[in-house]
Amino acid sequence: MGKKKLKLDSNTYLLLITIILFIVMYAAGVVVFHDKGFGRIQVFLNLFISNAGLIVVAAGMTIIMITGGIDISVGSVVALVCMLLAWMMENKGMGAIPALLIVLVIGLIFGVAQGFLVAYLKIQPFIVTLAGMFFARGMTAIISQDMISIKNEMFLSWANAKIYLPFGGTVNKKGMMLYPYVYPSVIIAILILAAVFIMLKYTKFGRSIYAVGGNEQSALLMGLNVRRIKLKAYILNGFLCAVGGFLFCLNTSAGFVEQAKGFEMEAIASAVIGGTLLTGGVGNVIGSLFGVLIKGTIETFITFQGTLSSWWTKITIAALLAFFIILQSLFAKANSKKNA
Amino acid sequence: MTKIKKITSYGLFLPILCLILVLLINVIKTPTFFEVSIKNGVLYGYIIDVINRASELVILAVGMTLVVASSGGTDISVGAVMSVAAAICCFVLAAGEQTINAYQNPYILGIIIALVIGVVCGCWNGFLVAKMKIQPMVATLILFTAGRGIAQLITKGQITYIRVENYKLLGGNIPGIPLPTTIFVVVIVVVLANLILKKTALGLYIQSVGINSKASRVVGLKSSRIIFLTYAFCGLCAGIAGLMASSRIYSADANNIGLNMELDAILAVALGGNSLSGGKFSILGSVIGAYTIQALTTTLYAMSVSADQLPVYKAIVVVIIVSLQSKEFNKMVRGLKAKLKDGKEREKVA
């Protein structure tokens, strides 16, 4: 190591542990399911394809959790977005682009309403977003109780456009070269993730989010407009939820009431596994990305294994969650002892 | 004027007002709302139905109130714990079979094991919150995620049916008694909880820990033990509620027992005028809150709103009530009033 000592605080440790865990799990999968082709690049890309929506929603959740809040309405908002998209395009004959724009605006409005209640009326985020969750899910049912599948050509062309990678191809049984591919949803998700990462790390707004979450009183004394920053964070989160819902919809191409149930807990679990503290002030969207990937890897494990039942996903994620939460609390205890 | 102020400043004023409002709407919409008739020696009627259906919620709300009061956080795992308790009870009674027509193990054994499992779940949450100092919502998130998975694991992903007549007693009627059994269970739980909290110093301890846990520890209270106890009790309540819910459908349905109940229970606590940041609490308020929610649900069903559209109205009610309770909102209203007064006075001067 050079003159500059690499600074490793407990938060970096947590992020490192998450990344190492993901690599170890994935490597284990490659070894165990070698004969079934776990090691193919396509399997890795599928993690992104099936979780594109969750990546974006988890990024929004991370922002909210850094402010010290929580948003449990995201799953319902995703369902509402899917239903609205399907309903507007199929039952109202709208084009894909206007429908998408309307949905994004609705996401923003949702963010404004929740942000106002949290930041200006100082109602607990849990209660506000609980109401938001009820509201969005109920509205989904009011729009339509039956499933609507999307047949809009433009939308489907977005959903099914395969973008091939120029390398890593495998030869199939017929002797054809097959290149691994991703869908546009993955590209959008990664671009948004990068944008959020840069915003949190390098902009004034991003830094002030950390300040507000770390200590609201100090932030206020520093002259930050705490209320406005919180409101902005919720608006941004509402927008990200709408985008996440759109990406989710590209995957399912349908809207129905029970869609994306438990999505909020997946997003929260991903963020927590990625090292974001629910007390606020600490967090990183890259960690959340790995949280999502770990969840995806567990699911892939279960599909490849074939005989395990779906509830093992829930139990494994909960066990991981317990592991990370206890680890965080131990780090926090060690830190407070060091400072004292 | 002073009398009105005295009444409105009474802690349970808002919760009772809400309940009366909901009931009034009912009377206007369905004049037969308060009518009670007797069929086959059992009481029937809307009001009985509300009281009966609210039972699980009331019991959960009692446990939740104490958790909120002592730790300033919520236990979001109660719904999942309900389904675990129901699953384990049916598993024991059916000895692993899928459908049975006679108990494989004594009934009482099933009940006891289910309640013990409920308490164990509560202890796990309590350990994380009180000893590991983890935020309550995050700590209970673990069981929230795992609970239904564990319940499915126990029932092997199937629905276990207990086709024995007396298994239905807890969620139905005991022959010869016109009131549903659940009402008696609720009365016992609420009265016992109230007695313990009021007649011993425990209630006071919980309040003091909730207001300032550090100060309470300095005074000589074992803060973490009290927080732990409230979570264990909340688990017990979830176990009782799970048994009731399972008895109503004489089966263990891991996916649907107690679904979204945690949200309703937290809502009941908030509706009861309890601060969600801990400290002062009123069990009675939460009980009233729980009945209000059930009355609202029944009303909306009677107005032919479907089950999945129901949440919209619940959301609107929640936002209105918590806004009214918000100090900032009251400040804003006062500010507006002052401005209006100012304007009027200026008009007079002009």
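Select Tyr161(B) first: Tyr161(B) stands opposite Ser251(B), a residue of β5(B). This is a predicted model, in which local features need pLDDT of at least 70 and side-chain atom pairs count only at pLDDT 80 or more, while totals for chains, interfaces and linings use all residues. Residues are numbered from 1 along each chain as its sequence is written, and chains are lettered from A and ligands numbered from 1 in the order in which they are written.

Next, display β4 (residues 160-162) of chain B together with β5(B); the two pair in the antiparallel sense over 2 bridges. Strands are DSSP runs of E with at least two residues, helices are runs of H or I with at least four, and both are numbered from the N terminus. Two strands pair if DSSP finds at least two bridges between them.

Now select the whole of chain B, which holds 15 helices and 5 strands. Its radius of gyration, 22 Å, is close to the 20 Å that the globule rule gives for 350 residues, so chain B is as compact as a globular protein of that length. The radius is taken over C-alpha atoms, and the rule is 2.2 Å times the number of residues to the power 0.38. The C-alpha trace of chain B spans about 90 × 55 × 35 Å along its principal axes. Colouring by confidence shows an average pLDDT of 87 for chain B, with 97% of the residues scoring at least 70; pLDDT is the predictor's confidence in each residue, from 0 to 100.

Turn to the contact between the chains, to which chain A gives 36 residues and chain B 37 residues. Two residues are in contact if their C-beta atoms, placed from the backbone, lie within 7 Å. On the side of chain A that touches chain B, the elements giving two or more residues are α5 (125-143), α11 (263-273) and α13 (311-339). The largest share of that side, 11 residues, comes from α5(A). For the complex, the predictor gives an ipTM of 0.76 and a pTM of 0.84.

Finally, select Leu193(A), Val196(A), Phe197(A) and Leu200(A) of α7(A) with Val285(A), Ile286(A) and Leu289(A) of α12(A), the residues that make the contact of these helices.
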